[in-house]
Amino acid sequence: MGGTEHLDIQREGATLVLTLNRPEAKNALSLPMLVGLYDGWVEADADDSIRSVVFTGAGDSFCAGMDLKALAGKDTGGERYRHRLTADPDLHWKAMLRHHRPRKPVIAAVEGYCVAGGTEMLQGTDIRVAGESATFGLFEVKRGLFPIGGSTVRLQRQIPRTHALEMLLTGRPYTAREAADIGLIGHVVPDGTARAKALEIAELVNACGPLAVEAVKASVYETAEMTETDGLAAELKRGWPIFDTADAKEGARAFAEKRSPQYKRA
């Protein structure tokens, strides 16, 4: 199990927990953080005993966006990770879920600030929980910048376009309740309990057939921009083989025997 000084990786049963760990800087993105995140996504994909991922931040924030000074490896001990970025110039985009989609469901647990790059990474997650005092927003235009982490493409596909454009063009902050109202997040919970709620949801995911879960997630994203006819064909192609797996047979037996299924992922 990897991790870096700015990214903690832990196991909670079948869930991998990735924690941005730079609370003194509101978990602003640094090179050690991005390297650790990338390694965490790779680990989640490679280990079949991991069935879900919880993505969160240490302290009182999720992520306040990019720290350009830290990304350059200055004053954060990041210089020793420069070779990773040199070897894979796309590593930072993969880490931020712009150019990588994990096979396993990713559940975001947000407390405090989740702005700029934080809100952009959020759009790469699947299920989202936030403490009631959390703050969201894409502040780039206020600074004369462009939200190049994918938001001009993804946000309008995840929430109504009028809300996406308001968030993108005004650069204003959004409360957790506002974010839930427009569909950016799914749960608002008391402050300090987002991680626990995310782990609770992860346990529900983990209790399901892992092959079925991965296939369902893949189908949802794969068919999102297809016509209905093409999407239904793609769904059958991906979903029908699941019925012939040992997972499916175990699920049927467990239902008939009125017990909890014991999936072995086969």
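In what order do the three strands of the open sheet come, and what is the pairing? The order is β5-β7-β8, and the pairing is mixed. This is a predicted model, where local features need pLDDT of at least 70, side-chain atom pairs count only at pLDDT 80 or more, and totals for chains, interfaces and linings use all residues. Numbering starts from 1 along each chain as its sequence is written, and side-chain values use heavy atoms, with hydrogens and water left out.

**View 1. The whole chain, for orientation.** The chain has twelve helices and nine strands; these are DSSP runs, numbered from the N terminus, with helices being H or I of at least four residues and strands E of at least two. Its radius of gyration is 19 Å, close to the 18 Å from the globule rule for 266 residues, so the chain is as compact as a globular protein of that length. (That radius is taken over C-alpha atoms, and the rule is 2.2 Å times the number of residues to the power 0.38.) The C-alpha trace spans about 60 × 40 × 40 Å along its principal axes. Of the 266 residues, 48% count as buried, where buried is under 20% relative accessible area, exposed is over 50% and partly exposed is in between, with a 1.4 Å probe and protein chains only. Among contacts (heavy atoms within 4.5 Å) with a separation of 6 or more, 68% come from residues 24 or more positions apart.

View 2. At the edges sit β5 (113-115) and β8 (174-175), each pairing on one side only; strands pair if DSSP finds at least two bridges between them. Three bridges join β5 to β7 (residues 135-137), and these two run parallel. Look for C114, whose bridge partner in β7 is F136. A116 then turns up in the loop between β5 and α5 (117-122). A116 isn't a glycine, yet has a positive phi of about 50°. With a relative accessible area of 5%, A116 is buried.

**View 3. The β1-β2 hairpin.** Strand β1 (residues 7-12) pairs with β2 in the antiparallel sense over six bridges. Q10 stands opposite V17 in β2. Two residues lie between the strands of this hairpin, and G13 takes a positive phi near 65°.

View 4. K26 belongs to the loop between β2 (15-20) and α1 (31-46). Its phi is near 50°, another positive value in a residue other than glycine. K26 counts as partly exposed because its relative accessibility is 34%. D67 is found in the loop between β3 (52-57) and α2 (68-71). Leaving out residues up to four places away in sequence, D67 touches R22, A28 and L29. D67 and L31 are 36 residues apart in sequence, but 9.1 Å apart in space, C-alpha to C-alpha.

View 5. Patch residues have over 30% relative accessible area and no salt bridge, with like charges joined within 9 Å and nonpolar side chains (Val, Leu, Ile, Met, Phe, Trp, Tyr) within 5 Å; a salt bridge is a side-chain nitrogen of Lys or Arg within 4 Å of a carboxyl oxygen of Asp or Glu.) Y221 lies in helix α10 (residues 210-222), and counts as partly exposed at 30% relative accessibility.
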